[in-house]
Amino acid sequence: MSSIATDLLGDSPSQTHRRPMLPPVVRGLIWALIAFLVFNTLMSEVLDRMPYHPFVTRASVTVGWVAAVCAWLLGVGVWEGVVRPSFGFPTLWETPTDWRKYFMYSTDHRVIGLQYIFSSIGGFLIAGFAAMLMRLELMNQNLWVFSNPGAYLSTVGIHGTVMMFSVGTVGLVGGFGNYLIPLMVGSNKSAFPRMSGVSQWLVPAGIATVVLSPVLGQWTTGWRGYEPLASQDPAGIVFYYLGVFALTTSSLMVAINLTATILFKRAPGLTWNRIPMFAWGMLTVSLLNLIWLPEIQMTFLLGLLGAVIPFPYFTQVGSPLTYLEVFWLFGHPEVYIVVVPAFALWQEILPVMGQKSLFARQWGIIGLVFVMILSGMVWAHHMFTNMSNSQMLPFSFFTEIISIPTGFAYLVVIGTLWKARLRLTTPTLLVLMSMFNFLIGGVTGVLLADPVVNLQVHDSFFVVAHFHYTIIGAMIFSWFAAFYYWLPKFTGRMYSERWGKVLSVWIFIAFNVAFLQMFLLGLHGMNRWVPVYPAYLQPMNFQVSLFAILLGIGFVLHFLHIAWMWRHGPRVEENPWRSKTLEWQATSPPGDENFTTIPTVVRGFYDYSDDRPAVSVDVHADAPQGAR
Amino acid sequence: MHDVIEPLTPRELRKNRFGLLLFVTSQLVPTFVLINVRFMLADEYVSAQADLLLGGLLPALLLLLGAIPVWRAVRFAAVGSTDRMRRQLTLAGIVGLVGLVTQIWPLIHHRYDALTPFGEVHLASVGVGGFFTLVTLILLYSVIARAARGQAGPEHYWGVEATGFVWSFNALSWLAIYIVMFWL
C-alpha cells in the first residue's frame, strides 16, 4: 500500500516510490491479526486478568475484535484515503486500474457497488452452505451430520444472520444501489464517496465474525439473538453481536449515502415525478434502515454488555418479552428492508421488457412509501403466543392492512403488462417468478396475521416456508433478475438466454417443490429449531432436502454462468433493452466518468408511448473511444 | 494524483448538512432506546449512592459550555479569522476533554452496585455518552489539525460547521440522558 500512497509534499515523479504491490486487503488482514493479538493479550493478560488466566475471554475478544476491525479498515486503505486527509495530511493516491482496485478502499461508486455485490455473493454462498448442512441433517430424523443439537442450532444462526444482514439487506441496496443510483440520477459520483468506500469493508469483516462465532462456543438463538436464551449459551453469541454490529453499520452508511445521492446529485430536470422506480425503492428502504438499524444496534449493544460484563439486562427484568419487543421492532421492518427493493425492481424491469408505459406509477410509489410506514406497526405479530387477545387485534389489523400497499406493486405491474408485447427474457422470467413466489409468501403472511392460524402454526415449518417465500422467493429471485438485467451495463457483454432461462426454471421448480412441502410439513407438526423429529415426518423432510440441495446447485450454476459471461459473453450494444432510464444512456461499461456531459432530463423514463428519449443530449458524445 | 481540496458549492454544502442531519437523526434512535430501557429496567429509581456530578451534571454543563467556543469558531471560520477560530477550537477541545473524563469517571469508580438495574443503565449510558463524546473530540481535533495546515477557513467552512452540529447534538443528547437518569 505504501507504494501507492505517497507523500503529497514530494509530488515530483522522482519522489514517488513504486514497486509491485499486493492487494491492500492482504495488508488489512495482517494488521487486523496483529491488532487482535496485541489488544486481546493486553486485556486478558494485563488489564482484565481472570482466574486461571485464559488467553481469550469475552472481554478480551471484544476489545481485540474492535481493534482488529479498525486495523482492517485502515489496512485496506482508509488510513491513506480518509484518516490522513481528515487530519490535514496530504495524500497521493494512485488507484490501480487492474483487478487490485476491487481489493482495496475505493471512492468510485461502481467499484464499491461491485465490491458489495461480491461480498454479498460470498455471504450468500457461505450461508447457503450452512443451509445445505441443515437440510442434510434433516434428511434423517436422528442426529447424523451434527454431533449435538447446539451445533445444528449454531449453524441455523449463522445461516439466518449472514443471509439477513449481508445478503438480504446488502445485495440489492449496497450492491446494485451503490453501482446504479448515481448512474440512474445522472451523476458521476455518489454523495459521500469516502464514507461509502469505508462502509463496504465492514461487510466481509461482519461475515467473517459471524462465521467464526462457533470458535467461541455455540449459540442457539438463531438470527434473533433471543434473550435470556442467549445469556445461557457459551460465548459464540459475542461474535454474533459484533458481526451484526459491523454489518448494520455498513448498511446504515449506505442508507445515508444513497438518500443524499438521490436528493442532491440529481441531473437537471430529474424532478421528483421522474425519479426512477428503483431509486424510489432505494430511498424508501434507506429511510427504513435509518430508523431501525440504530434501534437494533442499541439492543445488541445491551446484549453484548450482558454477555461481556455481564450486565443481566434482559434476564433480571423477568420477562422474555422485553427483548422480543425491541428485537421485533426492528425485525419486521427488516423483512421489508429486504423485499421493498424487489418490488421496485419489478416496476423497473417490466416496462422496459414490455416497451410499454408504466401503469399508475404514482400508485406504485405510494405503495412503496406506505409499506415502509406500515412495516413499523406490525412487529408484535411475532409474539401472538405471549399476548392477550385485545393486544393482538391492532397488530393483526395492521399486518393485514400492509397487504394493500403491497398489492399496489402487483396492480402496477399487471396494468403495465396488460396488452404489452412482453419480451420473455431471463430478467422478465425471474421477475414473474419472483411475483408468483411473493404472492404465496404474502397470502400466507395474511393467514399468519390471523391469530387463530398464527397460534396453531407458530414456530412450525409453516412459518419457515412463509418467510422463505418472501425472502428467497421475492428478493433472491429479483436479485438474480437484476444480475441478468444489468450484466450488459456492468460488462458490455450479454449472457446466454438459453442457459439463463433453463437455470431460472431449475431454481423455480426446486424452490417451489422444496418450500411448498415445508408448508405441509408445518401443518403436519414439524417444529422449527429441532434437528431431531418424529419418524413420520422423515419422508417429506427427505424430499424437501433433496430439492433444497437442487436449489443450492441451481444458484451456484447461475453464478457460474454469470461469471463466465462476464468475461466471455458476446459483446452487446450499449442499450440492449432499449430502456429510457439514465444508466443505459451511459457507455456499457461506463468509462472513467459516467457522463462526460451531465444529461438534462426532459421527460419521464417510463413513457414508451413515443420514441423520444428522456434526455436532451448525447451524454457520452465526448467519451473516449475505449470507454464506449 | 494530487489531492486538491475544492471549496464546496452551496448545493454541496446543503448536501453535507442534510447527510449530517440524517446521521444525527439516526443516532437519536439509540438514545431513545436507552431512555426506554432506563424505565423498563429501573423504573424511576435513582441510587442514593449515585454521584450527581460525575457522570451526571458536570459533563452536561461542560459539554453545553463547550458549544459556545465551537460555535464562535464556526463564526470566525466564516469571516476568515482563522487564528481566532483555532483558539476557540482549542478551548473547546480542552473543555471537551475534561467533560469526557467527568463523563466516564463512573466507569472507573462508582459507589453503587453495578449489577443493579440502576447501576447497569447508568453505566451503559455513561459508556454510550462517552463514546459519542470521544467521536466528537476526534472530529474536533481533526479540524484543529486541518486548520493548522491552512485547510479550514471561509473556503473550507464545512468541517468546522459539522463539528458545531455534532458537538451540539452530543451535548443535548447527554443532557437528555442526564435528565432522564437523575430527574424524571
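A salt bridge here is a side-chain nitrogen of Lys or Arg within 4 Å of a carboxyl oxygen of Asp or Glu. The side chains of Asp108(A) and Arg110(A) meet this rule, with an N to O distance of 3.1 Å. The structure is a predicted model, in which local features need pLDDT of at least 70, side-chain atom pairs count only at pLDDT 80 or more, and totals for chains, interfaces and linings use all residues. Residues are numbered from 1 along each chain as its sequence is written, chains are lettered from A and ligands numbered from 1 in the order in which they are written, and side-chain values use heavy atoms, with hydrogens and water left out.

**Confidence**

pLDDT is the predictor's confidence in each residue, from 0 to 100. Chain A has a mean pLDDT of 92. In that chain, 95% of residues reach 70 or more. Over residues 1-17 of chain A, however, the pLDDT is below 50. That stretch still has 39 contacts in the model beyond near neighbours in sequence; a contact means heavy atoms within 4.5 Å. Residues 621-628 of chain A also stay under 50 in pLDDT. For them the model has 13 contacts beyond four places in sequence.

**Salt bridges**

Over all chains, the rule gives a count of eight salt bridges. Side chains of opposite charge can pair when their charged atoms come close. Buried means under 20% relative accessible area, exposed over 50%, and partly exposed in between (1.4 Å probe, protein chains only).

| Pair | N to O distance | Relative accessible areas |
|---|---|---|
| Arg49(A) and Glu45(A) | 3.1 Å | Arg49(A) 47%, Glu45(A) 26% |
| Asp108(A) and Arg110(A) | 3.1 Å | Asp108(A) 25%, Arg110(A) 10% |
| Asp610(A) and Arg612(A) | 3.1 Å | Asp610(A) 21%, Arg612(A) 46% |

Arg110(A) counts as buried because its relative accessibility is 10%. Arg49(A) is partly exposed, and so is Glu45(A). The pair of Asp610(A) and Arg612(A) belongs to a network of salt bridges that also links Lys580(A).

**Helices of chain A**

Helices (H or I, at least four residues) and strands (E, at least two) are DSSP runs, numbered from the N terminus. Helix α1 covers residues 24-47 of chain A. At 1.5 Å a residue, its 24 residues should span 34 Å; the expected span is 1.5 Å times one less than the number of residues. The end C-alpha atoms of α1(A) are 32 Å apart, which agrees. Its buried residues include Pro24(A), Val25(A), Arg27(A) and Gly28(A). Ala32(A), Ala35(A), Asn40(A), Met43(A) and Ser44(A) are also among them. The buried residues of α1(A) pack against α2 (58-86) of chain A.

Helix α18 (residues 461-491) of chain A is bent. The bend is about 45° at Tyr485(A), taken as the angle between axes fitted to the seven residues ending there and the seven starting there. A proline, Pro488(A), follows within four residues. In α18(A), 30 of the 31 residues are buried, so the helix is largely enclosed by the rest of the structure. After α18(A) comes Gly492(A), with a positive phi near 75°.

Asn178(A) lies in helix α5 (residues 171-184) of chain A. It counts as buried because its relative accessibility is 1%. Leaving out residues up to four places away in sequence, Asn178(A) touches several residues, among them His109(A), Tyr116(A), Ser196(A) and Asn257(A).

Gly303(A) sits in helix α10 (residues 277-308) of chain A. Its relative accessibility is 1%, so Gly303(A) counts as buried. Beyond residues up to four places away in sequence, Gly303(A) touches Glu227(A), Tyr241(A) and Phe314(A). Gly303(A) and Arg571(A) are 268 residues apart in sequence. Their C-alpha atoms are 52 Å apart in space.

**Chain B**

Chain B has five helices and zero strands. Its C-alpha trace spans about 55 × 30 × 30 Å along the principal axes. Of its 184 residues, 53% count as buried. Among contacts in chain B with a separation of 6 or more, 80% join residues 24 or more positions apart. Chain B exposes about 8,700 Å², and carbon and sulfur atoms supply 69% of that area. Accessible areas come from the Shrake-Rupley method with a 1.4 Å probe; for residues, only the protein chains shown count as cover.
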